[in-house]
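Hello,

Here is the structure I promised to pass on. Please open it first, then read my notes below.

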Amino acid sequence: MSRQPLVAGNWKLNGNRTMVRGLMDSILDAAAEIDATEIAVMPPYPFLGQVQELMDSSGLGERVRLGAQNVSLYDEGAYTGEVSAGMLAETGCHYVLVGHSERRALFGESDQQVADKFVVAQRAGLQPVLCLGETLEQREDGITEAVIGRQLEAAITQAGVAAFADAVVAYEPVWAIGTGRTASPEQAQEVHAFIRRTIADMDAKIASCLRILYGGSVKPDNAAELFNQEDIDGGLIGGAALKATDFISICKAL
Ligand code: PEP
């Protein structure tokens, strides 16, 4: 079963209008030549509109897509500071991250809240990118699969396995995010295969079409080896997504 590779750049809390313009000009130029891989760009909320306009004028619509880094649990109302899934969809977002480990660790998002955000995003027509990952302590305790299984089950229970036909999963070991320490291709493949097996136990077709991205210190020099693994369908890139040459060479590695 062929799955279209995807590389998503999570800019986190970085950027300004000048940087957005420069980065997007380079990405859009390069994207014209990278036709097998879908690229997603996930800037902070204030730059979504600017990125969308640049994408629109490039005419690369289906190939370069807009994503957000977070979404509110609420659709509307007295929730100061929140941004709803409907608003993201109206701004042109196609993807939204749910359950990034920084949201879980720094903002206390629980498995249940992440699962609720998964549902809220899909209801607005967005594709959630469900992030899963274990801490170093959990890996060393030998409970990686138990942790990933629990995080995944929360979303399956809430949304149903069929919902994964319109979703992406990202495996991001917490100990590899922003640390320069990457999971080995074998370590990553093992967890990706576990995620696919877990879904396949419920629906083999959805599992075989599901794109599972790896994230955690992916760089131009380790991308190809990771992307060569059978169950790794692309990458969720943090630090290297802020440097056009690095991000583009990661896209090309795929
Ligand atoms: C991330 O923030 O999702 C990430 C993978 O970051 P980095 O590539 O910097 O490890």
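Helix 5 covers residues 111-123. Its 13 residues reach 19 Å from the first C-alpha to the last, close to the 18 Å expected at 1.5 Å a residue. (The expected span is 1.5 Å times one less than the number of residues. Helices are DSSP runs of H or I with at least four residues, strands are runs of E with at least two, and both are numbered from the N terminus.)

This is a predicted model, where local features need pLDDT of at least 70, side-chain atom pairs count only at pLDDT 80 or more, and totals for chains, interfaces and linings use all residues. Residues are numbered from 1 along each chain as its sequence is written, and side-chain values use heavy atoms, with hydrogens and water left out.

Back to helix 5. Its buried residues are D111, V114, A115, K117, F118, V120 and A121. (Buried means under 20% relative accessible area, exposed over 50%, partly exposed in between, with a 1.4 Å probe and protein chains only.) They pack against helix 3, strand 4, helix 4, strand 5 and helix 7. (Contact means heavy atoms within 4.5 Å.) G125 follows helix 5 and has a positive phi, near 90°.

Next, the barrel. Eight strands close into it in the order 1-2-3-4-5-6-7-8, with parallel pairing. The twist averages 25° from one strand to the next. (Axes are lines fitted to C-alpha atoms, for helices over the stretch in contact; angles run from 0 to 180 degrees between N-to-C directions.) Strand 2 (38-42) and strand 3 (64-68) pair over three bridges. (Two strands pair if DSSP finds at least two bridges between them.) V41 has L66 in strand 3 as its bridge partner. Helix 1 (17-31) lies across strands 2 and 3, at about 170° to strand 2.

Last, the salt bridges. There are 13 of them. (Each is a side-chain nitrogen of Lys or Arg within 4 Å of a carboxyl oxygen of Asp or Glu.)

- R211 pairs with E38, with the closest N and O atoms 3.0 Å apart. R211 is in strand 7 and E38 in strand 2, so the pair ties together parts 173 residues apart in sequence. Both residues are buried.
- E109 meets R103 at 3.0 Å, N to O. E109 is buried, at 9% relative accessibility. R103 is partly exposed, at 22%.
- D233 pairs with R196, at 2.8 Å between the closest N and O atoms. R3, R196, D231 and D233 are linked in a network of salt bridges.

Best wishes
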